[in-house]
Amino acid sequence: MTGRDTNDERWLTEAEAADFLRRASQLDAGQSVRLRHVREAAVEAGLSVDAVNDAAEEMFEAGTDGTPPDWVRFCLIGVPNRTGAQFWYQLSCTAGLVSGAGAILLPSILSPAHFFAAGLWFFGCAAISAKAIRWMDEHSAWDRLTRE
C-alpha cells in the first residue's frame with residue numbers, strides 16, 4: 001500500500017487496486033450470490049434489462065457452458081448434425097400424413113383409430129424434433145452436439 005492521509009485512509013496505486021479487487025474476487029468466488037443481485041448490478045452497470053433477462057434464461061435453460069439441455073439431447077439421440085435432424089423431422093411428418101391417409105382410405109385393413117393414433121404419435125415426434133432443431137439453431141449448438 002502506498003500511503004496514508006491524516007484520517008488513516010490508505011491510498012492505492014491502480015496496480016494495487018487491481019490486485020486487491022482480484023484477491024477479493026477470489027475470496028468471494030466460493031460464496032453464492034442471488035440472481036436478483038447480479039441482475040441489479042448488471043443493469044446498474046449499463047446492460048439492458050432484456051439482455052440480462054436473456055442471459056439468465058439461457059444460463060438456466062442450458063447450463064453455463066452452453067451445452068444443450070437434456071430434453072434437446074434426448075430428442076436428437078444419434079443425430080449427427082442439422083441435416084440428419086431435418087431428415088428425421090421430415091420422415092416423421094411423412095409417416096404422420098401416411099397414417100392419417102390410411103385411416104381415411106384403408107379402414108378395412110386396420111381400425112381407423114389405430115391409424116389416427118399412429119398419426120398423432122408421428123406428428124408429436126415431428127413437433128418435438130422441430131422444437132429441438134429450433135433450440136439448436138438459436139443457440140448455435142450444433143458444434144457442441146457433435147463434440148459430445
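Tutor: Let's go through the fold, the charged pairs, the rings and the surface in turn.

Student: Before that, what should I know about the model and the numbering?

Tutor: This is a predicted model, where local features need pLDDT of at least 70, side-chain atom pairs count only at pLDDT 80 or more, and totals for chains, interfaces and linings use all residues. Residues are numbered from 1 along each chain as its sequence is written, and side-chain values use heavy atoms, with hydrogens and water left out.

Student: OK, how many helices and strands are in the chain?

Tutor: The chain has 7 helices and 2 strands. Their order from the N terminus is β-β-α-α-α-α-α-α-α. Helices (H or I, at least four residues) and strands (E, at least two) are DSSP runs, numbered from the N terminus.

Student: What share of the 148 residues is buried?

Tutor: Buried residues account for 21% of the 148. Buried means under 20% relative accessible area, exposed over 50%, and partly exposed in between, with a 1.4 Å probe and protein chains only. The accessible surface of the chain is about 10900 Å², and 60% of that belongs to carbon and sulfur atoms. Those areas come from the Shrake-Rupley method with a 1.4 Å probe; for residues, only the protein chains shown count as cover.

Student: Switching to charges. How many salt bridges are there?

Tutor: The count is 2, where a salt bridge is a side-chain nitrogen of Lys or Arg within 4 Å of a carboxyl oxygen of Asp or Glu. One is between R73 and D70, at 3.5 Å, N to O. Both residues are in helix α4 (residues 70–75), 3 residues apart, about one turn of the helix.

Student: Is D70 buried or exposed?

Tutor: D70 counts as exposed because its relative accessibility is 57%. R73 has a relative accessible area of 33%, so R73 is partly exposed.

Student: Which residues make the other bridge?

Tutor: R82 and D137, whose side chains meet at 2.9 Å, N to O. That pair links distant parts of the chain, with R82 in helix α5 and D137 in helix α6, 55 residues apart. R82 is partly exposed at 35%, and D137 is partly exposed at 34%.

Student: How accessible are F87 and W88?

Tutor: F87 is partly exposed at 45%, and W88 is partly exposed at 47%.

Student: Which ring does the charged end of K131 sit over?

Tutor: The ring of W71, with the charged end 5.5 Å from the ring centre. That label needs NZ of Lys or CZ of Arg within 6 Å of the ring centre and within 35 degrees of the ring normal.

Student: W71 again: what about I128, which contacts it?

Tutor: I128 is in helix α6. Setting aside neighbours within four places in sequence, I128 contacts W71 and C75. I128 is partly exposed, with 35% relative accessibility.

Student: And S99, buried or exposed?

Tutor: S99 is buried, at 9% relative accessible area. S99 lies in helix α5, and beyond neighbours within four places in sequence its contacts are F115, A118, G119 and F122.

Student: Last one: where is I109?

Tutor: I109 is in the loop between α5 (82–105) and α6 (112–138), and I109 is exposed at 59%.

Key. Contact means heavy atoms within 4.5 Å.
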